[in-house]
Amino acid sequence: MEISGKREFELLKKIGFTRVAGSPEERKAAEILRAECEAIGVQAEIEAFQIEDADIETAAFEILEPFHQEYQVTGFKCAQNTPEGGLTADFLYVENGLDVNLIDAAGKIVLVNGYLRAPVFRKLLKAGAAAIVTMEGELRDKPEETDLSTRALRKTLRAFGNVPMVNLRVADAMDMVRKGACKAKLTLKNTVVERISHNVVCTLPGTEKPEEIISFGAHYDSVPFSTGVYDNGAGSVINMELLRYFKENPPCRTLKFMWYGSEEIGLEGSKAYVRDHKDELSRHVLMINVDVGGPILGVEELGVTGEESLVSFADYLMKIGGYPVQVKQTIYSSDSIPFADNGIPAVNFDRAGAHGAAYIHNRYDTLDFLSAEMLEKTTAHVLEFSKTMANARVFPVEKKMPQNMVEEIDKYLYKKELQEAEEEKAQKNA
């Protein structure tokens, strides 16, 4: 069977609509993927799992002194609600949250640069910040042509505590800091809810070594206001083309193909899969993930979360086949992480867009900068690697996670910080 970028592109068009975690549109995309599997001749199952979400009723922010102005904001889902009537407090810009920035942060509404990650969030709470404001975008953005993200305070961060939080545009942040804002009012009211998300799963039994499983993953959800064709409809259709090939060319090992929901809110689909299929994981020998692809201008990448020997092998294989792929040992922020965290070697393929020639997590993630030819280009070397692994007479990859990768995974998952938070909580309750 010849792989077909044109066929991939047509499927990409079918799922190229906004499909946010837990939404009816995400379920619609899951049904499209299941129908495609069954048209190929492979039965697919849709597995449901719960995710956490929130309905935001009110999110508002205004500077009170030395001038009065309201700014458009979005509320952080699952963040702590303000008292009725809002929270009024002194305002402080704390930049990147260095210790010196936080000397006077106690009891104040603080503005922090960029996207808020666990280490800085933890420092802000320890410093006694009453509420947090984050920023996004660029000064050159036109408000009418950009969208303001609705972020969420995930469970991982809430392990350290909770305060009211909102998000605004960087241009507005600059305006208030330039004008010397020193007192503000923040209002947030939201209700935490549970929603249902879905993984699509199908299996091709191995002809010679069915007890050994190689899994293929790609997430199919998108962020709000984005069609998500680059991230990650592209990986989803590449995954489907691989399924089509192996259906016609039965593999020696068992292959499981998974399309994960809710990746964009914290890898929830792949986390649910490894949690709900714990007994099966002992049979998994490798995880192959594809996340982002198709840009006309870009670069092919292969990240190996495993032994250096696999890095060398993959690099040699790409060179022997004449595939222009950058190979390195690394972790990748995608659905390969939960598998690697369970000791399963993982590789992540992607075609990263050239700077200024691709868009992610915004309204400009559309088909305009993608092509069928580039989808096919990525599929070709993913298939070459996959065939080699699926049909190896003896599986060459040791099921072992090297210490440097364990440390990177633990860092990504904030395991040290979460352990410290648990110990601090235990000491307080003692």
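Modeller: Helix 10 (residues 372–390) has 19 residues, which at 1.5 Å a residue should span 27 Å, and its end C-alpha atoms are 26 Å apart, which agrees. The expected span is 1.5 Å times one less than the number of residues. Helices (H or I, at least four residues) and strands (E, at least two) are DSSP runs, numbered from the N terminus.

Colleague: What should I know about the model and the numbering?

Modeller: This is a predicted model, where local features need pLDDT of at least 70, side-chain atom pairs count only at pLDDT 80 or more, and totals for chains, interfaces and linings use all residues. Residues are numbered from 1 along each chain as its sequence is written, and side-chain values use heavy atoms, with hydrogens and water left out.

Colleague: Which residues of helix 10 are buried?

Modeller: Among them are Met374, Leu375, His381, Val382 and Phe385. Buried means under 20% relative accessible area, exposed over 50%, partly exposed in between (1.4 Å probe, protein chains only).

Colleague: And methionine 318, buried or exposed?

Modeller: Buried, because the relative accessible area of methionine 318 is 0%. Methionine 318 sits in helix 8 (residues 308–321).

Colleague: What is methionine 318 in contact with?

Modeller: Leaving aside neighbours within four places in sequence, methionine 318 is in contact with Tyr323, Val325, Val327, His381 and Phe385. Contact means heavy atoms within 4.5 Å.

Colleague: Switching topic, where is aspartate 55?

Modeller: In strand 1 (residues 44–65). Aspartate 55 is partly exposed, with a relative accessible area of 39%. Not counting residues up to four places away in sequence, aspartate 55 touches Lys189, Asn190, Thr191, Val193 and Arg195.

Colleague: Now helix 3 and helix 12. At what angle do they pack?

Modeller: Helix 3 (residues 118–126) and helix 12 (residues 415–429) pack at about 25°, with axes 11 Å apart. Axes are lines fitted to C-alpha atoms, for helices over the stretch in contact, and angles run from 0 to 180 degrees between N-to-C directions. Helix 3 and helix 12 are therefore roughly parallel; the label applies to angles under 35 degrees.

Colleague: Which residues make the contact?

Modeller: Pro119, Arg122 and Lys126 of helix 3, and Glu417, Glu420, Ala421 and Glu424 of helix 12. By class, the contact of helix 3 with helix 12 has 2 nonpolar, no polar and 5 charged residues. Ala, Val, Leu, Ile, Met, Phe, Trp, Tyr, Cys and Pro count as nonpolar, Asp, Glu, Lys and Arg as charged, and the others, Gly among them, as polar.

Key: Angles under 35 degrees count as roughly parallel, over 145 as roughly antiparallel, 65 to 115 as roughly perpendicular and the rest as oblique.
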